[in-house]
Amino acid sequence: MADLESFRRYCEQHYRPGSVKAYVTNAQTLLEFMGGAGMRDFAQLPTNLLIHYDEWMGQVGYTPSTAHAKLAAARSYLRWVRDLCDIPVPEQRKVRQRKVLVQVRQALEPGDFANYFVAANQDTEPMRTATMLLVCSGLRSQELLDLTVDNIHTTKIRLADDTETDVTCFMVENGKGGKSRIVPLLEEGEEVLRQYFDGPWQRLAAPSKTRYLFPSKKYLGHPVRTRALRYAVKRVSERMGLDLSPHALRRTYLTQLHRIGVDFATISKIAGHEDPKTLYKHYLSLTGEDVAAAVHERGGRLDGGKKGT
C-alpha cells in the first residue's frame with residue numbers, strides 16, 4: 001500500500017526523527033496536488049508530474065528553497081512507491097527548478113534543521129553522513145575527516161532526574177594548535193552515525209581495510225579530502241537556497257549548545273578555544289528571539305519576578 005502511514009514507518013526506519021516529519025509532510029503535499037489534478041493511479045502518472053508540481057508550488061507561493069526541499073521529498077516518496085510498493089511509477093523528467101535567491105548564513109537557525117537533513121540525505125556516502133555530522137559535532141572539516149573508528153567513544157552519564165543514558169563522543173587528537181579534546185555528539189548525530197555503521201562504512205572501508213571514519217574512494221587508505229567535504233556542503237546549501245560553509249555549521253553547533261543552556265566555559269572547551277572571548281566574539285550566532293528569551297526566561301521584570309506575574 002502506497003499510503004502515508006506505510007511511508008512514515010519506512011522513514012522511521014531510515015531517517016532521523018526530525019526528518020521523518022518533513023518527508024511525510026512533503027509527501028502529503030505531493031498527494032494533495034495529485035488529487036487536485038485528478039491523478040490517482042501511480043502507474044499512469046505523467047513523466048512531467050514533478051515539472052507541473054514545481055510550477056504549482058510557484059503559483060501558490062512556495063519559495064524556491066522550500067520547493068527544492070519538497071521536490072527532493074517527492075522524489076524519495078515516488079522511489080519508495082516504485083521500489084517497495086512494487087508499483088511501476090514512470091520515470092520522471094528532470095525539473096529545471098526556479099532560481100534560488102541565495103541567503104548568506106553565519107549559522108543555521110532552528111527552523112532550518114529539518115530541511116538541512118533532507119537536503120544532506122540526497123548525497124551519497126560517505127558525504128551524506130559527513131555533512132550531517134558537521135552540524136551535530138561542530139568539528140572543523142579536517143578534524144572530522146581525520147577521525148578513525150577508534151576516536152569514537154560511548155560513555156554512560158547520569159542525568160538530572162537520576163536516570164542514566166549512553167552518549168557518544170568524538171575524541172579529537174591533535175586538533176588545531178595541536179590540542180586534543182572531547183566533543184559530545186548531539187542526539188541526531190548519534191542516529192546518523194548508527195545508520196552509517198550499519199552498512200555504508202563497512203562497504204567503504206573494506207577495499208583498503210582502513211579505520212578512517214570517512215574513507216576516500218579515490219585515494220585508498222586515506223580519508224576524504226577537505227575539498228570534497230566543502231563541495232558536499234555547497235551542494236546541500238544550494239538545495240536549501242542558502243550559502244553555507246563548514247564553518248557556519250560549526251557555529252550552528254556551538255550556538256545550539258548555548259541555546260540549550262551549556263555554559264561558556266564548557267562550550268569553549270568543547271570548541272577547543274583557550275579564551276572564551278573567542279566564542280562570543282566570533283562563533284555564537286544569536287537571533288533576536290534568543291536574546292529576548294535569555295532575558296524573559298530568567299524573569300524580565302525590574303523586581304526580579306517573571307513576566308506576567
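## Helix 5

Helix 5, residues 113-120, is mostly covered, with six of its eight residues buried. The buried positions in helix 5 are Phe113, Tyr116, Phe117, Val118, Ala119 and Ala120. The model described here is a predicted one.

## Overall composition

The protein has 14 helices and five strands. It contains 309 residues, and 45% of these count as buried. The accessible surface amounts to about 16700 Å², and carbon and sulfur atoms hold 51% of that area.

Contacts can also be sorted by separation in sequence. Taking the contacts between residues at least 6 apart, 61% join residues that are at least 24 apart.

Three strands make up an open sheet with antiparallel pairing, and their order is 2-3-4. Strand 2 (152-158) and strand 4 (181-184) are the edge strands; each has a single partner strand, so one side of each has no neighbour in the sheet. On average, and with direction ignored, neighbouring strands of this sheet are turned by 40 degrees against each other.

Strand 2 and strand 3 (residues 164-172) run antiparallel and are joined by seven bridges. Within this pair, Thr155 lies opposite Val167 of strand 3. Helix 8, residues 187-197, packs on the sheet and touches strand 2 and strand 3. The direction of helix 8 makes about 75 degrees with that of strand 3.

The hairpin of strand 2 and strand 3 has five residues between the strands. In this hairpin, Asp162 adopts a positive phi near 75 degrees.

Met171 has Ile182 in strand 4 as its bridge partner.

## Packing of helix 6 and helix 10

Two packed helices are described by the angle between their axes and the distance between the axes. For helix 6 (residues 127-137) and helix 10 (residues 226-240), the packing angle is about 80 degrees and the axes are 10 Å apart. Angles of 65 to 115 degrees count as roughly perpendicular, and helix 6 and helix 10 are therefore roughly perpendicular to each other.

Helix 6 contributes Met127, Ala130, Thr131 and Leu134 to the contact. Helix 10 contributes Ala228, Leu229, Ala232, Val233, Arg235 and Val236. By class, the contact of helix 6 with helix 10 comprises eight nonpolar residues, one polar residue and one charged residue.

## Thr129

Thr129 is located in helix 6. Its relative accessibility is 0%, so Thr129 counts as buried, the cut-off for that class being under 20%. With neighbours within four places in sequence left aside, Thr129 is in contact with Val192, Tyr196 and Phe214.

Conventions. Residues are numbered from 1 along each chain as its sequence is written. This is a predicted model: local features need pLDDT of at least 70, side-chain atom pairs count only at pLDDT 80 or more; totals for chains, interfaces and linings use all residues. Side-chain values use heavy atoms; hydrogens and water are left out. Helices (H or I, at least four residues) and strands (E, at least two) are DSSP runs, numbered from the N terminus. Buried means under 20% relative accessible area, exposed over 50%, partly exposed in between (1.4 Å probe, protein chains only). Contact means heavy atoms within 4.5 Å. Accessible areas come from the Shrake-Rupley method with a 1.4 Å probe; for residues, only the protein chains shown count as cover. Two strands pair if DSSP finds at least two bridges between them. Axes are lines fitted to C-alpha atoms, for helices over the stretch in contact, and angles run from 0 to 180 degrees between N-to-C directions. Angles under 35 degrees count as roughly parallel, over 145 as roughly antiparallel, 65 to 115 as roughly perpendicular and the rest as oblique. Ala, Val, Leu, Ile, Met, Phe, Trp, Tyr, Cys and Pro count as nonpolar, Asp, Glu, Lys and Arg as charged, and the others, Gly among them, as polar.
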